[in-house]
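Here is a short briefing on one protein chain. Have the sequence and the structure open while reading.

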Amino acid sequence: MEPGARPLLALCLASCLLAPGCRGAQGRFAYKLLHDLFANYSSALRPVEDTDRALNVTLQITLSQIIDMAWLDAHLTWDKDAYDGIDSIRIPSSYVWRPDIILYNNADDHFGGSMETNVVLRSDGHIMWDSPAITKSSCKVDVSYFPFDGQRCRLTFGSWTYNGNQIDLRNRLDTGDLTDFVENVEWEVLGMPATRNVITYGCCSEPYPDVTYTLLLRRRASFYIFNLLLPCIMVSFLAPLGFYLPADSGEKVSLGVTVLLALTVFQLLVAESMPPAESVPLIGKYYIATMTMITASTALTIFIMNVHHCGPGARPVPPWARRLILHHMARLCCVYEVGESCKSPPRAPGGRAGRGDAGGPGESPGEGEVGTEAGGCPRDRCPCHHDGLLRNVGYIASCLRRHRAAQRRTSEWKKVAKVMDRFFMWVFFLMVFLMSVLVLGKAA
């Protein structure tokens with residue numbers, strides 16, 4: 001750039017400002033207009049020609065933290081032709097009267113109004129005030145269906161001192177403006193309908209209008225589904241498998257206690273991620289029901305293990321239990337044998353008895369010889385010898401019968417325990433499935 005270019009540019013700008021046809025002349029008219037308008041104006045009074053008439057105030061909310069208010073100020077009008085065609089000016093909002101529209105259900109610690117921004121004043125007296133504001137509102141939260149819940153938060157705006165005969169508050173549109181709303185990762189905004197209400201309080205006979213915007217929110221549940229609900233469902237399906245473990249493994253009770261501890265940890269995470277409320281959320285009910293079911297399954301496992309480990313001295317299986325459990329329920333649960341089946345042929349006791357009988361004649365010659373030498377008893381006929389042998393054989397046979405009866409009772413009790421294990425396994429699988437379907441169905 002040449003050295004003389006900058007002074008030349010400044011000179012041109014100065015000559016434009018002093019020229020009669022330049023737009024700078026409109027600035028002088030704007031100054032004169034501002035002086036004439038506010039010469040006898042007071043922002044403390046309601047701007048109406050007739051004090052008995054209501055002043056119309058229009059309210060509109062944009063969810064990107066902007067509140068639009070418009071009203072007509074009868075004292076701030078002018079003729080455009082008298083002021084070089086000026087149709088609107090922008091002045092500080094403190095210069096004009098402003099309606100005391102506030103949020104009734106404000107929950108902010110510092111109860112303050114909106115930011116001090118300029119207002120747009122038109123020649124016909126219409127004033128437009130776009131005021132950015134960040135507000136905290138009290139809202140009743142219902143977490144009954146958490147994390148599939150939806151909330152309805154109401155924002156009620158109205159005048160604090162003027163009644164309906166002085167300010168007629170109305171909403172400009174039937175819904176709030178959501179075009180500039182920034183999406184939230186946790187909540188989805190479904191809408192923001194607006195309604196106008198006229199309330200008459202018990203203290204006063206005048207009506208008080210207000211505009212209520214209802215913010216319709218729905219929680220985005222994908223985070224809670226993948227981090228809280230699905231792990232709980234998968235852990236819940238592990239609980240019935242404790243009935244499938246063999247009773248001699250020693251891990252049936254340990255599995256139930258481990259699953260119960262895992263659900264307790266998830267329950268604590270749910271309690272931390274939701275606000276305190278009187279109603280129990282849906283996922284909390286699911287956790288409590290699942291923990292109750294696992295507690296019951298662990299108690300039943302202990303009872304079934306006690307049945308499984310019934311010793312030889314246990315009582316026989318009652319006829320009703322044999323008919324119900326060992327016949328009908330065993331056939332229903334596809335359980336046919338446990339360990340040594342009671343239907344196996346009793347070969348071992350009979351074999352031992354036969355060998356005992358065979359051993360009698362084999363040993364009788366030697367014993368007969370000893371008897372003959374000692375007492376002179378004949379070898380072919382010895383009644384004392386045969387009586388002792390019969391008593392020994394009878395004792396052995398009775399022992400074998402008692403042993404087989406004890407084995408039969410133990411086997412029957414083990415089969416009862418296994419049938420009960422399989423039956424409760426399917427029952428608890430069905431309960432877990434139904435609870436999961438019920439939770440997802442309520443969520444839908």
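This is a predicted model: local features need pLDDT of at least 70, side-chain atom pairs count only at pLDDT 80 or more; totals for chains, interfaces and linings use all residues.

The chain has 444 residues, and 35% of them are buried. Its secondary structure consists of eight helices and eleven strands.

**Overall make-up**

- Among contacts in the chain with a separation of 6 or more, 77% are between residues 24 or more positions apart.
- The chain has an accessible surface of about 27200 Å², and carbon and sulfur atoms account for 60% of that area.

**Cysteines**

- A search of the whole structure turns up one disulfide.
- The partners are C139 and C153, with 2.3 Å between their sulfur atoms. This distance meets the cut-off for a disulfide, which is within 2.5 Å.
- C139 sits in the loop between β6 (126–132) and β7 (150–159), whereas C153 belongs to strand β7 itself, so the bond ties together parts 14 residues apart in sequence.
- The link of C139 and C153 is left-handed, with -90° about the S-S bond.
- C139 has a relative accessibility of 25% and therefore counts as partly exposed.
- C153 counts as buried because its relative accessibility is 16%, and buried means under 20%.
- C232 has a relative accessibility of 0%, so C232 is buried as well.

**Nonpolar cores**

- The largest nonpolar core contains 44 residues, and L263, Y287 and V416 have the most contacts inside it.
- Helices α3 (222–236), α4 (252–272), α5 (282–308), α6 (319–332) and α8 each contribute at least two residues to this core.
- Helix α8 gives the largest share of this core, with twelve residues.
- Leaving aside residues up to four places away in sequence, V416 touches V307, V317, I325 and L326.
- Another core lies apart from this one; it has 42 residues, including L59, I89, W129 and L155.

**Surface patch**

- L430, F433, L434 and V437 make a nonpolar surface patch of about 390 Å².
- F433, one of the patch residues, lies in helix α8, which spans residues 383–443.
- With a relative accessible area of 48%, F433 is partly exposed, because exposed means over 50% and buried means under 20%.

How values were computed. Residues are numbered from 1 along each chain as its sequence is written. Side-chain values use heavy atoms; hydrogens and water are left out. Helices (H or I, at least four residues) and strands (E, at least two) are DSSP runs, numbered from the N terminus. Buried means under 20% relative accessible area, exposed over 50%, partly exposed in between (1.4 Å probe, protein chains only). Patches are made of residues with over 30% relative accessible area and no salt bridge: like charges are joined within 9 Å, nonpolar side chains (Val, Leu, Ile, Met, Phe, Trp, Tyr) within 5 Å. Accessible areas come from the Shrake-Rupley method with a 1.4 Å probe; for residues, only the protein chains shown count as cover. A salt bridge is a side-chain nitrogen of Lys or Arg within 4 Å of a carboxyl oxygen of Asp or Glu. A nonpolar core is a set of buried Ala, Val, Leu, Ile, Met, Phe, Trp, Tyr and Cys residues joined through side-chain atoms within 4.5 Å. Contact means heavy atoms within 4.5 Å.
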